[in-house]
Amino acid sequence: MDRVLIIEDDELIAELERDYLLAEGLDADIEINGRKGLEQFLKGRYEAVILDLMLPGKNGFEICQEIRKRSDVPVLLVTAKKEDIDKIKGLGLGADDYVVKPFSPMELVARVKAHIQIHRTLKTGKGEKIIQTGELSIYPDAYLVYKNDSPVALTSREFELLAFLAKNPNIVFSKERLFDQVWGLEAAGDASIVTVYINKLREKLEEDPSNPRWIKTVWGVGYRFQKSGR
């Protein structure tokens with residue numbers, strides 16, 4: 001399991017971030033002191049670092065600079081400040097991304113996963129097959145979706161449903177077939193839940209969920225993914 005280091009002095013925020021990471025299959029350690037956080041990074045093995053800027057002991061800029069001297073692991077800066085100068089300074093020191101509080105924990109996790117995947121791909125030189133349709137980019141192996149180059153925060157089940165449809169474009173699937181494919185033949189529940197998840201996907205992906213471009217309803221039959229998005 002990939003492990004992330006959270007260096008954040010607000011324990012409630014840090015624990016929330018860890019809970020969302022765990023829910024998405026990532027492990028996480030928390031350190032609330034900047035100096036100790038850097039020490040923890042140096043003695044541990046992490047796939048990414050979520051780094052607050054305002055920290056006791058050593059600030060995020062200093063930590064980012066020290067990490068970059070030793071490692072190319074993805075670093076995502078988190079701060080309450082909105083000034084561009086801090087963003088420019090952080091990215092100039094080698095940070096990979098920048099998030100301003102308050103932020104969506106799911107968006108933060110999506111960004112963490114994206115940077116881990118990008119870093120791994122660059123290291124190995126192996127890229128996964130990407131499903132590209134219009135402004136949507138779907139990464140099946142990494143459980144990531146981008147729209148206009150911005151990550152879309154999906155739950156694991158939402159992603160699995162989208163990925164199955166996208167891998168089989170222009171084919172109409174009944175709710176029952178989708179339930180069997182995504183939830184599993186032995187899953188307990190009602191196939192009507194598929195409609196709930198289709199609606200959630202449309203809300204997150206479509207400009208106009210009532211007139212969807214990608215996930216089409218075929219009345220009386222089921223749903224299909226229209227790859228052209230038209």
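1. A residue counts as buried under 20% relative accessible area, as exposed over 50% and as partly exposed in between, with a 1.4 Å probe and protein chains only. By that rule Phe41, at 7% relative accessibility, is buried, and so is Tyr46 at 8%.

2. A word on the basis of this note. This is a predicted model, in which local features need pLDDT of at least 70 and side-chain atom pairs count only at pLDDT 80 or more, while totals for chains, interfaces and linings use all residues. Residues are numbered from 1 along each chain as its sequence is written, and side-chain values use heavy atoms, leaving out hydrogens and water.

3. Now to the sheet, where helices (H or I, at least four residues) and strands (E, at least two) are DSSP runs numbered from the N terminus, and two strands pair if DSSP finds at least two bridges between them. Five strands form an open sheet with parallel pairing, in the order E2-E1-E3-E4-E5. Strand E2 (27-31) and strand E5 (97-100) are the edges, each pairing on one side only. From one strand to the next, the twist averages 20 degrees.

4. Inside the sheet, strand E1 (residues 3-7) runs parallel to strand E3 (residues 48-52), and four bridges join them. Leu5 stands opposite Val49 in E3.

5. For the helix geometry, axes are lines fitted to C-alpha atoms, for helices over the stretch in contact, and angles run from 0 to 180 degrees between N-to-C directions. Helix H2 (residues 34-43) lies across E1, E2 and E3, at about 165 degrees to E1. Helix H3 (residues 60-70) lies across E1, E3 and strand E4 (75-79), at about 155 degrees to E3.

6. Do look at helix H6 (residues 156-167) and helix H8 (residues 193-205), which pack at about 85 degrees with their axes 10 Å apart. They are therefore roughly perpendicular (65 to 115 degrees). Their contact (heavy atoms within 4.5 Å) includes Leu161 and Leu165 of H6 and Tyr197 and Leu201 of H8.

7. Finally, the aromatic rings: those of Phe, Tyr and Trp (its six-membered ring) pair if their centres lie within 6.5 Å, with planes under 30 degrees apart counted as stacked, over 60 as edge-to-face and the rest as tilted. The count comes to five aromatic pairs. Phe41 and Tyr46 are stacked, because their ring centres are 6.5 Å apart and their planes are at 20 degrees. Tyr139 and Tyr146, with centres 6.0 Å apart and planes at 70 degrees, are edge-to-face. Tyr139 is partly exposed at 23%, whereas Tyr146 is buried at 15%. Phe179, Trp183 and Tyr197 form one aromatic cluster.

Key
Angles under 35 degrees count as roughly parallel, over 145 as roughly antiparallel, 65 to 115 as roughly perpendicular and the rest as oblique.
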